[in-house]
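Morning, everyone. Please bring the structure up on your screens. I'll be brief.

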Amino acid sequence: QVQLVESGGGLVQPGGSLRLSCAASGSIVSFNVMGWYRQSLGKERELVASITSPGLANYADSVKGRFTIIKDNEKNMVSLQMDSLQPEDTAVYYCNYRPLIARDGGAWGQGTQVTVSS
């Protein structure tokens, strides 16, 4: 099984920056996609950004130009650099892992709180 551990959440002022990190361990396959999702109070969990092992990234329209996802394949770590944060970005951010081919075998992190407020 795969275990994910997130870190880096916290409180930041509007316009500020945070960097989230996620470390994966366990039965990790080489061809995989890792990413960040977020869930605000009363809303569905949504994809923020994802990146495949070859390095192909995908971003939600709401964060394009502000967030950058970075993956270290050797260490099985993925980070999310969040700049120009706004109150609308406030949510619990979850790291996600899944194999590219298999239907099952994915994993979720416990989540880390990001709060953007003055």
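Predicted model: local features only at pLDDT ≥ 70, side-chain atom pairs only at ≥ 80, totals over all residues.

Start inside. In general, nonpolar side chains tend to be buried together in soluble globular proteins. Here, the largest nonpolar core has 27 residues. Which of them touch the most other members? They are Leu4, Trp36, Leu80, Met82 and Tyr93. Several strands each supply at least two residues of this core, including strand 1 (2-7), strand 4 (32-39) and strand 9 (91-99).

Hold on to Trp108. How many aromatic pairs does a search of the whole structure find? Two. Tyr37 and Trp108 make an edge-to-face pair. Their centres are 4.9 Å apart, with 70 degrees between the planes. Tyr37 is in strand 4 and Trp108 is in strand 10, so this pair ties together parts 71 residues apart in sequence. Tyr37 is partly exposed, at 23% relative accessibility. Trp108 is partly exposed too, at 40%.

Next, Tyr94 and Trp108. This pair is also edge-to-face: 6.5 Å centre to centre, 90 degrees between the planes. Tyr94 belongs to strand 9, so the pair with Trp108 in strand 10 joins parts 14 residues apart in sequence. Is Tyr94 buried or exposed? Buried, with a relative accessible area of 14%.

Put together, the ring pairs link Tyr37, Tyr94 and Trp108 into a cluster.

Last, find Arg45. Its charged end sits over the ring of Tyr94, 3.7 Å from the centre. Arg45 also lies over the face of Trp108, 4.5 Å from that ring centre.

Key:
Residues numbered from 1 in each chain as written. Heavy atoms only, no water. Core = buried A, V, L, I, M, F, W, Y, C linked by side-chain atoms within 4.5 Å. Buried < 20%, exposed > 50% of the residue type's maximum accessible area, 1.4 Å probe, protein only. Helix = DSSP H or I, 4+ residues; strand = E, 2+ residues; numbered from the N terminus. Phe/Tyr/Trp six-rings, centres within 6.5 Å; stacked < 30°, edge-to-face > 60°. Lys NZ or Arg CZ within 6 Å of the ring centre and 35° of its normal.
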